[in-house]
Structures are given as structure tokens and as C-alpha cells.
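Please load the model in your viewer and keep the sequence panel open beside it. The tour moves from one selection to the next and says what is found at each stop.

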Amino acid sequence: MTETTGTWLTQEAYDRLQAEYDHLVTEGRATIAKEIDERRQEGDLKENGGYHAAREEQAKQEARIEQLRHILDNATVGEANTGGTITSGTVVTAEVAGREMRFLVGSREVAGGTDLDVFSAQSPLGEALLGKSEGDSTSYTAPNGNDIAVKVVKVEPFNG
């Protein structure tokens, strides 16, 4: 698996996402099915707001189940790189367009309970930084077409 084909997760993040998935496909589905059935029994489905709301909630839940399944199926689980090179799971302090920023290269699922900003390894900034080390300079093209200069100040493993 390369940096750009999967999601790097800590074991804790993987376990948390797996627990959410397990809950949604068991109790979550049963609860929403019961809710839909109760609303269906209220009568005319065309004008039954509760029924339509329950169906919408079911669609959101199924989308989240699909998202979690994709993340879990394509995850690389392990410890963050401690070698000083930027990979998924690395916390980077960098000067981006002259402004110092501290962020995680990885996924929001990993950063869960932290206040870190997150840039995926597939984002323009993430791709530009992969493989770089402290003191390296690079640039990336922003969505507006401008080239943005980046200087790596500090690289550290993510510790949750």
C-alpha cells in the first residue's frame, strides 16, 4: 500500500471506527428499521413527515456505514513514523505562505479528539510534503492555481 491509496490509522482510531461500524450495522440498523415501521403504521406515507425523516436518517446511516467500511478495508494500522520523514501519521510544523502552521498529515479519523488541523496525504499540501524532512522546502499548487511555498520547520510522530 502506498501513501496515497489507503488511510493510515493508529490502532486506537481503527478500534474506535470498528466499534462505530459494528454498532451501526447491528443496533443502529435495528433502531432505524423499528422507527420506520412505527412511522409507516401512522398512515398516509405521502404526508407523513416522521416517516420521511426516518428514511432520511436511514440513508445517512447507510452512507456512514459505507464510508467506515471503505476506511477500515483500506487502512494501514500502525505506529507513526519516527524517522523524521513526513508520512501519514506525522505532525508537521511548517511555514506555509509565510504563516506558521501545525497540522497532522493523515485523516480526520485519527485526529479525532485533538485540535490539530488535518491534511490528507492526497491533498495538494500533503502530497507536496510526503518524504520531506525538517529544513526542506517545497511548494504546491493551490486550488486557485497559485503556487504556495512551504518550509518544513519540525516533524514529529502523532501520539494521539
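**A buried threonine**

Select Thr 90 to begin: at 0% relative accessibility it counts as buried, where buried means under 20% relative accessible area, exposed over 50% and partly exposed in between, with a 1.4 Å probe and protein chains only. This is a predicted model, in which local features need pLDDT of at least 70 and side-chain atom pairs count only at pLDDT 80 or more, while totals for chains, interfaces and linings use all residues. Residues are numbered from 1 along each chain as its sequence is written, and side-chain values use heavy atoms, with hydrogens and water left out.

Thr 90 belongs to strand E3; strands (E, at least two residues) and helices (H or I, at least four) are DSSP runs numbered from the N terminus. Show the backbone oxygen of Thr 87, which lies 2.8 Å from a polar atom of the side chain of Thr 90. Leaving out residues up to four places away in sequence, Thr 90 touches Thr 85, Phe 103, Leu 104, Val 105, Val 155 and Glu 156, contact being heavy atoms within 4.5 Å.

**The sheet around E3**

Now select the five strands that form an open sheet of mixed pairing, in the order E5-E4-E3-E7-E6; two strands pair if DSSP finds at least two bridges between them. Strands E5 (117-119) and E6 (137-141) stand at the edges with a single partner strand each, so one side of each is left without a neighbour in the sheet. Between E3 and strand E7 (residues 147-157), which run antiparallel, there are seven bridges, and along this pair Ala 94 stands opposite Val 152 in E7.

**The nonpolar core**

Which residues touch the most other members of the largest nonpolar core? Of its 18 residues, they are Val 92, Val 96, Phe 103, Leu 129 and Tyr 140, a nonpolar core being a set of buried Ala, Val, Leu, Ile, Met, Phe, Trp, Tyr and Cys residues joined through side-chain atoms within 4.5 Å. Two or more residues each come from E3, E4, helix H4 (124-129) and E7, and E7 gives the most, with four.

Finish at Ala 97, in the loop between strand E3 (90-96) and strand E4 (99-105). Ala 97 has a positive phi of about 55° although it is not a glycine, and at 56% relative accessibility Ala 97 counts as exposed.

Definitions and conventions
Polar contact = N/O pair within 3.5 Å; in protein donor to acceptor, adjacent residues only side chain to side chain.
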